[in-house]
Amino acid sequence: ARHSIVDDRAGVTRDRIYFDVEWMEKEFTVIDTGGIIPGDEDEIMLNIFTQAKVACEEADKIIFIVDGKDGINPVDYDIANILRKSGKEIFLAVNKLDSPDKFMNITDFYALALGEPIAISALHGSGGVGDLLELVTKDFEAGNKEEPCENIRIAIVGKPNVGKSSIVNALLNKERVI
């Protein structure tokens with residue numbers, strides 16, 4: 001089992017955390033990454049950024065989570081540019097859209113040029129989490145319990161406090177990540 005390394009500040013993931021997930025009889029591995037801020041020269045932030053890049057290299061697909069409540073910001077553009085270079089399929093999840101009045105913010109995220117933004121509320125497990133999973137796993141085969149399968153890996157990436165751990169908890173259907 002892999003363990004996260006947590007810095008003295010509560011809830012700051014520094015390492016990659018791996019979780020095996022089954023959704024709709026499809027099995028895959030989710031790689032939770034720490035929040036990244038490109039260009040931050042702090043040693044801890046540089047290490048987190050390195051770990052997130054490794055996760056993207058290991059992943060078959062990437063879910064980029066942004067904060068729909070606060071709206072788009074320059075760091076989102078920086079991360080989007082980095083993720084585009086990976087050549088991997090990227091899904092843009094706009095999190096923290098807990099009520100219909102916040103859905104207006106989603107159109108701003110088309111500017112990241114990563115395809116159609118998907119509105120979610122990871123904390124509540126609603127607002128499109130199932131739609132996101134359906135899109136991400138559309139080409140996955142349902143697992144055969146008799147035969148072990150090679151899990152597909154999905155990296156969860158975004159800046160700090162956008163809800164990366166909340167989406168992992170929603171995928172696992174339990175509180176595993178703080």
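In this predicted model, Phe140 has a relative accessibility of 6% and therefore counts as buried, the cut-off being under 20%. Phe28, at 0% relative accessibility, likewise counts as buried. These residues belong to the aromatic pairing of the model, for which the count comes to 1 pair. The ring centres of Phe28 and Phe140 lie 5.7 Å apart and the ring planes meet at 65°, so the arrangement is edge-to-face, a class that requires an angle over 60 degrees. Distant parts of the chain are linked by this pair: Phe28 is located in strand E2 (residues 26–32), whereas Phe140 occupies the loop between helix H3 (129–136) and strand E6 (152–157), the two being 112 residues apart.

The largest nonpolar core comprises 28 residues, of which Phe64, Leu83, Leu112 and Val157 touch the most other members. Two or more residues are contributed by each of helix H1 (43–58), strand E3 (61–67), helix H2 (74–84), E4 and E6. H1 gives the most, with 6 residues. Beyond four places in sequence, the contacts of Val157 include Phe64, Ile79, Leu83 and Lys164. Another core, of 25 residues, lies apart from the largest one and has Ile118, Val168, Leu171 and Leu172 among its members.

Confidence was also examined along the chain. The average pLDDT is 78, and 79% of the residues score at least 70. Mean confidence is highest in strand E4 (residues 89–95), at 93, and lowest in helix H4 (residues 164–172), at 76. Over residues 1–12 pLDDT stays under 50, although the model has 17 contacts beyond four places in sequence for this segment. Where pLDDT is low, predicted coordinates should not be read in detail.

Technical notes. Residues are numbered from 1 along each chain as its sequence is written. This is a predicted model: local features need pLDDT of at least 70, side-chain atom pairs count only at pLDDT 80 or more; totals for chains, interfaces and linings use all residues. Side-chain values use heavy atoms; hydrogens and water are left out. Rings of Phe, Tyr and Trp (its six-membered ring) pair if their centres lie within 6.5 Å; planes under 30 degrees apart count as stacked, over 60 as edge-to-face and the rest as tilted. Helices (H or I, at least four residues) and strands (E, at least two) are DSSP runs, numbered from the N terminus. Buried means under 20% relative accessible area, exposed over 50%, partly exposed in between (1.4 Å probe, protein chains only). pLDDT is the predictor's confidence in each residue, from 0 to 100. Contact means heavy atoms within 4.5 Å. A nonpolar core is a set of buried Ala, Val, Leu, Ile, Met, Phe, Trp, Tyr and Cys residues joined through side-chain atoms within 4.5 Å.
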